[in-house]
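Please look over the sequence and the structure first.

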Amino acid sequence: VPLPDKEVQKIAGLAKLHLTSEEKRVFSRQLSRIIDYFNKLSTLELEGVKPLSHVADLRNVMRDDEQRRCLHTSEVLRNAPATYRNMFRVPKVIE
Amino acid sequence: MQELCDQSIGDLNRQLKGQAVAVRDIVSSVVKRIEEVEPTINAFITLEEEVLTGLGPSPKNPLAGIPIAIKDNICTKGLRTTCGSRILSDFVPSYDATVVSLLRRAGAIVLGKTNMDEFGMGSSNEHSYFSVCRNPWNLQYVPGGSSGGSAAAVAAGEATCALGSDTGGSIRLPAAFCGVVGLKPTYGRISRYGLVAFASSLDQIGTVTKDVTDAAILLSHIAAPDPLDSTSVNVEVPNYMRALEKEIKGSRIGVSREHLKKGVSEEVCSSIDDVILTFSKLGCKIVDVSLPHSDYSIPAYYLISTAEASSNLARYDGVRYGCRDPLSIDIEGMYQKTRGSGFGDEVKRRITLGTYCLSHGYYDDYYMKSLRVRRLIKEDFQSAWQHVDAIITPTSPTPAFEIGERTKDPLTMYLSDVFTVSANLAGLPAISIPCGLTSRGLPLGLQIVGRPFDESTILNLAHHYEKSTPWHELRPNLDREN
């Protein structure tokens with residue numbers, strides 16, 4: 001099994017994702033099977049092939065540094081689950 | 001005579017021009033159909049209220065009075081945009097996506113937001129927080145995904161046309177399953193500003209329509225470079241309507257025999273034989289092409305898309321938007337619980353897979369390898385373009401499957417995308433059009449893939465195919481009890 005429950009737990013932790021023990025068990029089985037299938041990539045000779053992260057010929061797009069209209073604070077905060085004055089409110093971060 | 005809600009943009013435009021119908025007649029017809037069938041089909045997550053108020057006399061705008069449905073991952077100002085997810089179930093955008101602004105400016109009427117697999121992750125529309133959407137051709141079957149609601153709505157006459165998004169086949173697969181036309185343009189052809197990101201190097205907005213002419217009409221209105229999306233490309237937008245009518249005699253159409261191997265249903269294979277015959281009769285040359293790395297497209301696609309998704313979906317942390325777990329008192333717990341309860345199964349599975357293949361120790365084995373394979377897949381197509389003008393494949397190895405049939409087995413679900421993901425990996429335009437019905441009365445889809453920024457050729461070929469076959473005229477029987 002390439003991805004045992006414990007490993008799923010570690011990975012989910014990196015992704016800040018709470019999983020129940022049932023989810024960990026099911027994901028371990030399903031993802032192991034998926035990764036087994038994906039291992040067919042290792043049958044390919046890839047020496048010297050350059051990675052391609054993007055198909056478009058990407059360039060920096062520049063614009064003049066001018067003042068522009070932007071969303072009003074009330075609009076920006078409109079979808080926040082908790083706010084305080086003009087700020088996003090979060091649980092205590094510093095002891 | 002078909003009801004107005006079952007007619008194409010082209011037909012409606014002609015009648016509006018001749019003043020045979022008014023905008024109000026069209027919108028009323030669609031609204032009535034929605035009231036009749038929506039309780040069983042569930043194509044919409046949110047409907048715009050009062051679409052019938054404020055409709056003036058038919059204005060001169062090119063899309064005036066055309067009712068359109070928008071996939072629920074494309075932002076609409078003031079209208080809830082959920083991405084089919086619990087975590088965004090109350091999210092109301094403060095702005096319109098560029099495509100939505102362009103359509104509104106042309107006079108189109110936004111009806112509402114369509115059902116989808118959560119964040120675009122799925123091939124069946126079963127991974128929606130707002131419950132499954134059903135295939136109008138048979139309610140026991142899936143409409144395909146992830147833009148299932150858009151395809152089902154257009155097929156059932158709940159909208160004249162729709163926008164979807166396509167990361168690995170999410171427009172083309174549901175279009176095939178629901179017997180409508182689905183176009184995924186070239187990466188960069190259409191602005192993604194306001195499209196909620198799933199896998200940014202693969203995502204593209206496209207159209208779902210009742211015929212190929214309508215796809216050309218809509219594309220003409222939304223294809224444009226946009227300063228708000230720096231990956232949109234500043235290339236000339238040709239006249240797609242003129243491109244439709246061009247002569248296709250002598251066009252070279254590639255068929256990849258490697259594609260038609262195991263896992264493809266017999267009915268799908270024989271429909272493609274018929275397609276080849278039709279194009280031969282139309283004077284096209286059928287050429288065998290080789291795409292030797294197509295067997296590796298599924299692993300490469302799922303590794304790249306989940307890696308990008310794991311990064312893109314990091315933004316849902318319960319701070320700036322979306323729901324928040326109310327019980328956590330520390331921030332770490334708040335992040336974890338919010339994401340654990342806000343995302344559904346498939347999204348959690350893909351975030352885990354993507355995080356795994358980007359994590360220390362596996363990055364070279366999985367992520368880097370899949371990027372190298374992506375280059376090989378792109379080069380396969382580049383070689384093919386020296387011999388052919390377009391390549392045809394089935395859109396899907398099978399027709400629509402039954403609801404519940406594949407949800408327990410994610411890998412089998414992923415393999416539904418075997419013919420569609422390559423176009424995203426290589427950034428190519430591709431269209432799915434109806435090409436048959438199975439013995440059980442389910443639609444089949446033909447995919448035509450073209451050169452980068454050459455939507456004209458695939459629309460042209462698709463249009464001529466459509467003119468010589470009856471498939472696009474068929475509509476599902478919505479009265480049937482099933």
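How many salt bridges does the rule find across the interface of chain B and chain A? The count there is three. The model is a predicted one.

## Interface between chain B and chain A

The contact is made by 65 residues of chain B and 51 residues of chain A. Between the two chains about 5,400 Å² is buried, and carbon and sulfur atoms give 68% of that area. On the chain B side, B:Thr352, B:Arg375 and B:Leu411 supply 11% of the area buried against chain A, more than any other three residues.

Besides the three salt bridges, the interface has 20 residue pairs in polar contact, with both residues at pLDDT 80 or more. Six helices of chain B each supply at least two residues of the side that touches chain A: helix 9 (297-312), helix 10 (331-342), helix 11 (345-358), helix 12 (363-384), helix 13 (410-414) and helix 14 (421-426). Helix 12 of chain B gives the most, with 11 residues. Sorted by class, the side of chain B that touches chain A has 31 nonpolar, 16 polar and 18 charged residues.

One salt bridge pairs B:Asp409 with A:Arg33, and the closest N and O atoms are 2.7 Å apart. At 22% relative accessibility, B:Asp409 is partly exposed. A:Arg33 is also partly exposed, with a relative accessible area of 44%.

## Strand 4 of chain B

Is strand 4 of chain B enclosed by the rest of the structure or open, and why? Six of the six residues of this strand (residues 161-166) are buried, so strand 4 is largely enclosed by the rest of the structure. B:Cys161, B:Leu163 and B:Ser165 point one way from the strand, while B:Ala162, B:Gly164 and B:Asp166 point the other way; all are buried.

Strand 4 of chain B pairs with strand 2 (residues 67-71) of chain B in the parallel sense, over three bridges. In this pairing B:Ala69 stands opposite B:Ala162. Strand 4 also runs antiparallel to strand 6 (residues 204-209) of chain B, and five bridges join the two. Here B:Asp166 stands opposite B:Gln204.

## Salt bridges within the chains

Over all chains the count comes to 23 salt bridges. Side chains of opposite charge can pair when their charged atoms come close. In chain A, the side chains of A:Lys10 and A:Glu7 meet in a salt bridge at 4.0 Å, N to O. Because A:Lys10 and A:Glu7 are three residues apart in helix 1 (residues 5-14) of chain A, about one helical turn separates them. A:Lys10 counts as exposed because its relative accessibility is 51%, whereas A:Glu7 is buried, with a relative accessible area of 17%.

In chain B, B:Arg189 forms a salt bridge with B:Glu455, the closest N and O atoms being 3.2 Å apart. This pair links distant parts of the chain, 266 residues apart: B:Arg189 lies in the loop between strand 5 (181-184) and strand 6 of chain B, and B:Glu455 lies in helix 15 (residues 455-467) of chain B. B:Arg189 is buried, with a relative accessible area of 3%, and B:Glu455 is buried at 0% relative accessibility. Salt bridges that share partners also join B:Glu3, B:Asp6, B:Lys32, B:Arg33 and B:Glu36 into one network.

How values were computed
Residues numbered from 1 in each chain as written. Chains lettered and ligands numbered in written order. Predicted model: local features only at pLDDT ≥ 70, side-chain atom pairs only at ≥ 80, totals over all residues. Heavy atoms only, no water. Contact = heavy atoms within 4.5 Å. Buried area = accessible area lost by both parts, 1.4 Å probe. Polar contact = N/O pair within 3.5 Å; in protein donor to acceptor, adjacent residues only side chain to side chain. Helix = DSSP H or I, 4+ residues; strand = E, 2+ residues; numbered from the N terminus. Nonpolar A, V, L, I, M, F, W, Y, C, P; charged D, E, K, R; others polar. Buried < 20%, exposed > 50% of the residue type's maximum accessible area, 1.4 Å probe, protein only. Pairing = 2+ DSSP bridges.
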